[in-house]
Amino acid sequence: MRSSLDPYRIREEFPILRQKVRGGKPLVYLDNAATSQKPQVVIDSLTRFYSEDNASVHRGVHALSERATLAYEEARRSVQRFIHAAEAREVVFVRGCTEAINLVAQTFGRQRLQAGDEILLTEMEHHSNILPWQMVCAEKGARIRVVPINGRGELDMEAYARMLHDRVKLVAVTHVSNVLGTINPVREMIAMAHERGIPALIDGAQAVPHMPVDVQELDCDFYAFSGHKMFGPTGIGALYGKAALLEAMPPYQGGGSMISLVTFDRSTYAPIPQKFEAGTPNAADAVGLHATIEYLEGIGMEAVAEYEHELLEYATHTLERVQGVRLIGTAREKASVISFEMEGVHPHDIGTILDQEGVAVRVGHHCCQPLMSRLGVPATVRASFAIYNTREDVDRLADSLARVREVFG
Ligand code: PMP
């Protein structure tokens, strides 16, 4: 049975996709794991906010400030609803997934880590879920340990079970790999960590745009994601944290908005989430994120996941038949990301020829250099799909790869 979602109708809502590139080729945008395009309703929400409501939130007594504050806090409630958090104060607005993880590393991490402690990561982590931990570990004399993957790009769960011991102070794992597409069994991993009293942070950058996420059902302690990968504005994202943990954490940055009382000797802090939102917040993009969430709720995340799964299967079968293509990442549970290489052709050359055909893919290490070392490749070509991609897009990719074969013989 085919999914109910109509990608052609959805495409019409994304003005950027109407353009032609490289001498009149219709654009095939397959770089969604890097950033997604924006529907008109999201673009309009930003224009409306700046045209009608713009003011500094939380501080003004005037009409505009009141409206902007209301819109900002409504946006927070929309995130709460979207990820099924128990309370709106468990949602902290940040610049994106990277800032969310740095926030946890610099507050929770610095507070809890001691010499000899360990943080468990996996071989498929994005640099955003490695560097923040490396920095705090270096400061505290703690160390990172890494759960290995198998040849399909799935986590070795037996190794994970063995590595969960008393020195581990946090498990930080990606929900979906941005290179392999693997959907990790995070619910099970969180339960296993909790059995030993170890909290878990989930990097949801590649999950939230593609499937329903329920932080209470997952029982994760922290969940991080970016707006721009889910058809929302850049510069806005969210950190979910369980209220009790957020309350016990020290602030991240100091400044306006995050205080209760300030003297030159000492200060007291605002309650969560304001404690973590120093400075004038990015209210406009929070409003844009709210519009994005309503847009996705209108489609339904179940429908999104179902449609993208069908498209992934079609793309997998199609690319497997292209001569010389080797898929990288064949996990049983996958989201709509396909990495591959082509015998005898450097990924950058493939990317350049595809671009000439109007097909936008990503080539490189995808901010996962340790994963590239593990896979023994310098780089991959990555096609990543979203709700506006069609089977025609997949066919254009395959035809363009045939063109690469012609060029390189
Ligand atoms: N984690 C993963 C798995 C990602 O794919 C990305 C973005 N490529 C990030 C974290 C970082 O997201 P951002 O750059 O939006 O902060």
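**Salt bridges, packed helices and buried residues**

Arg67, with a relative accessibility of 40%, counts as partly exposed; this class lies between buried, which means under 20% relative accessible area, and exposed, which means over 50% (1.4 Å probe, protein chains only). The model is predicted: local features need pLDDT of at least 70 and side-chain atom pairs count only at pLDDT 80 or more, whereas totals for chains, interfaces and linings use all residues. Residues are numbered from 1 along each chain as its sequence is written, and side-chain values use heavy atoms, with hydrogens and water left out.

Side chains of opposite charge can pair when their charged atoms come close. Arg67 takes part in such a pair: a salt bridge (a side-chain nitrogen of Lys or Arg within 4 Å of a carboxyl oxygen of Asp or Glu) joins Arg67 to Asp53, with the closest N and O atoms 2.7 Å apart. This pair links distant parts of the chain, since Arg67 belongs to helix 3 (residues 63-83) and Asp53 to helix 2 (residues 40-53), 14 residues apart. Helices (H or I, at least four residues) and strands (E, at least two) are DSSP runs, numbered from the N terminus.

Glu13 is partly exposed, with a relative accessible area of 26%, and Arg9 is partly exposed, with a relative accessibility of 44%.

A further bridge joins the side chains of Asp219 and Lys242, at 2.9 Å from N to O. Here too distant parts of the chain are linked: Asp219 is in the loop between helix 8 (215-218) and strand 9 (222-226), and Lys242 is in the loop between strand 10 (237-241) and helix 9 (243-248), 23 residues apart. Asp219 is partly exposed, with a relative accessible area of 33%, and Lys242 is partly exposed, with 22%. Elsewhere, salt bridges that share partners join Glu118, Arg143, Arg145 and Arg167 into one network.

The loop that holds Asp219 also holds Cys220. Is Cys220 buried or exposed? Cys220 is buried, with a relative accessible area of 0%. Contact means heavy atoms within 4.5 Å. Not counting residues up to four places away in sequence, Cys220 touches Ile190, Ala200, Ile202, Val215, Tyr240 and Lys242. Ala243 is found in helix 9 and is buried, with a relative accessible area of 7%. Leaving aside its neighbours within four places in sequence, Ala243 is in contact with Glu87, Arg89, Glu90 and Ile272.

The next topic is the packing of helices. Two packed helices are described by the angle between their axes and the distance between the axes. Axes are lines fitted to C-alpha atoms, for helices over the stretch in contact, and angles run from 0 to 180 degrees between N-to-C directions. The axes of helix 12 (residues 347-356) and helix 14 (residues 391-408) come within 9 Å and cross at roughly 120 degrees. Helix 12 is therefore oblique to helix 14; angles under 35 degrees count as roughly parallel, over 145 as roughly antiparallel, 65 to 115 as roughly perpendicular and the rest as oblique. Asp349, Ile350, Ile353 and Leu354 of helix 12 meet Leu397, Ser400, Leu401, Arg403, Val404, Val407 and Phe408 of helix 14 in this contact.

In helix 12, the buried residues are Pro347, Ile350, Gly351, Ile353 and Leu354. Their cover includes strand 14 (337-342), strand 15 (359-360), strand 16 (362-364), strand 17 (380-384) and helix 14. Helix 12 is followed by Gly358, which has a positive phi, near 90 degrees.

Helix 14 also packs against helix 11 (residues 301-320), at an angle of about 20 degrees and with the axes 10 Å apart. Helix 11 and helix 14 are therefore roughly parallel to each other. From helix 11, the contact draws on Glu310, Leu311, Tyr314, Ala315, Thr318 and Leu319, and from helix 14 on Arg391, Val394, Asp395, Leu397, Ala398 and Leu401.
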